[in-house]
Amino acid sequence: MNQIKIFSPATVANVSCGFDVLGFCLDTIGDDMVIRKTTEKGIRISKIVGADLPFEADKNVASVSALALYNDAQPDCGFEIDIYKNIKPGSGIGSSSASASGSVFAINELLGRPYNKTQLTQFAMKGEAIASGCEHADNIAPGIFGGFTLVKSTTPLQVLQLPTPDNLYATIIHPQIEIKTSEARAILPKNIPLQNAITQWSNVGSLVHALHTNDYKLLSDSLNDVVVEPYRSQLIPHFDVVKAEAIKVGALGAGISGSGPSIFALSKSKITAEAVAEAMQNIYSKTDISFNTYVSKINTEGIRVMKNE
Ligand SMILES: Nc1ncnc2c1ncn2[C@@H]1O[C@H](COP(=O)(O)OP(=O)(O)O)[C@@H](O)[C@H]1O
Ligand SMILES: N[C@@H](CCOP(=O)(O)O)C(=O)O
């Protein structure tokens, strides 16, 4: 096999209470990437469609992560990467992560799968680090493993794949303002009150239990963030009303997707998830902020191969 085309999905990091540890994978929005072997050694970005992103190998997250794998594997060929970007950078649904994980996933396939999913996550984190200033894996892990994931630790890397309850749907609204992950991280406090920490870790524990037991009521009660959301929500116009309306029409809960500005909600049917989308759209359509909305089943497969030659 000399060439592969993949779909690298968008992901929702944090899932309200799990800053930097929880994430899940979407299905209806993602980037396409084509990666091919070359006789010339090294990694090259050959095409970028849909976004204004750097071609330099040390600046594009796709090539930075690919180089981490390449330097380890030392294959006797090189690779070039075409990126067809559908996930806007700075959207909060893992745009940089989709590129960083897509390139390493594809090269691993072309090399005959020498690395496991944890090792691929580790290489992809090198790319993510140049976008956000930190090697967080809460977007990369759900992209590579699929479904819901919990990053138990980054050093050493340990990723737990969590069960996905049947019929769980996500709604995403992306108000078209850009929030850079690095900037949304910089505004967070370095210390948090003990009472908030207690509330937060109880929510993470109960959310994980809810996923294991298909307990939608507990899932709903656990989708709360008392640590990060109070700070970041101020960067997102109309966040409080969008969240309140989503819950009013039946969402189990709603919160900031990743570092924002996208807002996510979880619902226990497609019909409710679509009603949530409409309620969210109604808020932004009364403003001059344009937006995109996505309704998606949770993608339990993660990145997928579209075509290989
Ligand atoms: N292939 C890529 N895809 C997306 N962003 C990239 C890529 N390569 C470099 N970047 C940079 O990463 C930053 C976007 O990442 P980030 O702020 O984390 O947004 P997101 O939340 O959408 O991932 C931008 O500065 C962008 O120029
Ligand atoms: N845990 C990170 C997740 C950033 O996600 P992104 O989709 O905005 O890149 C954070 O909250 O900073």
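Predicted model: local features only at pLDDT ≥ 70, side-chain atom pairs only at ≥ 80, totals over all residues.
View 1. The domain assignment divides the protein into domain 1, covering 3-163 + 299-308, and domain 2, covering 169-297. Taken over C-alpha atoms, the centres of the two domains are 24 Å apart.

**View 2. Here is the interface between domain 1 and domain 2.** On one side, 32 residues of domain 1 take part, and they are in contact with 39 residues of domain 2. Together the domains bury about 2600 Å², with 64% of that area on carbon and sulfur atoms. Which three residues supply more of the area that domain 1 buries against domain 2 than any other three? They are Ser16, Cys17 and Phe19, which contribute 24% of it.

**View 3. Asp20 and Arg185 meet in a salt bridge.** The closest N and O atoms of this pair are 2.7 Å apart. The two partners come from distant parts of the chain, 165 residues apart: Asp20 sits in the loop between strand E1 (3-13) and strand E2 (22-38), while Arg185 belongs to helix H5 (residues 181-186). Side chains of opposite charge can pair when their charged atoms come close. Between domain 1 and domain 2 the count is 1 salt bridge, and the structure as a whole holds 14.

**View 4. Helices H1 and H2 cross.** How closely do the axes of H1 (residues 61-73) and H2 (residues 95-110) approach? They come within 7 Å and cross at roughly 35 degrees, and the crossing is right-handed. From H1, the residues to look for are Val61, Ala62, Ser65, Ala66 and Leu69; they meet Ser96, Ser99, Ala100, Ser103, Val104 and Ile107 of H2. Sorted by class, this contact has 7 nonpolar and 4 polar residues, with no charged ones.

**View 5. Two loops carry cis peptide bonds.** One such bond joins Thr155 and Pro156, with omega at about -5 degrees. Pro156 is placed in the loop between strand E5 (148-154) and strand E6 (157-162). The other view of this kind shows the bond from Gly260 to Pro261, which is also cis, with omega near 5 degrees. To find Pro261, follow the chain to the loop between strand E8 (253-256) and strand E9 (263-267).

**View 6. Asn167 has a positive phi.** Its phi is about 65 degrees, although Asn167 is not a glycine. Most residues other than glycine have a negative phi, and most peptide bonds are trans. Where is Asn167? Look in the loop between E6 and strand E7 (169-175).

Terms used:
Residues numbered from 1 in each chain as written. Chains lettered and ligands numbered in written order. Heavy atoms only, no water. Axes fitted to C-alpha atoms, helices over the stretch in contact; angles between N-to-C directions. Helix = DSSP H or I, 4+ residues; strand = E, 2+ residues; numbered from the N terminus. Left-handed = near helix turned anticlockwise from the far one by under 90°. Contact = heavy atoms within 4.5 Å. Nonpolar A, V, L, I, M, F, W, Y, C, P; charged D, E, K, R; others polar. Domains from an automatic or database assignment. Buried area = accessible area lost by both parts, 1.4 Å probe. Salt bridge = Lys/Arg side-chain N within 4 Å of Asp/Glu carboxyl O.
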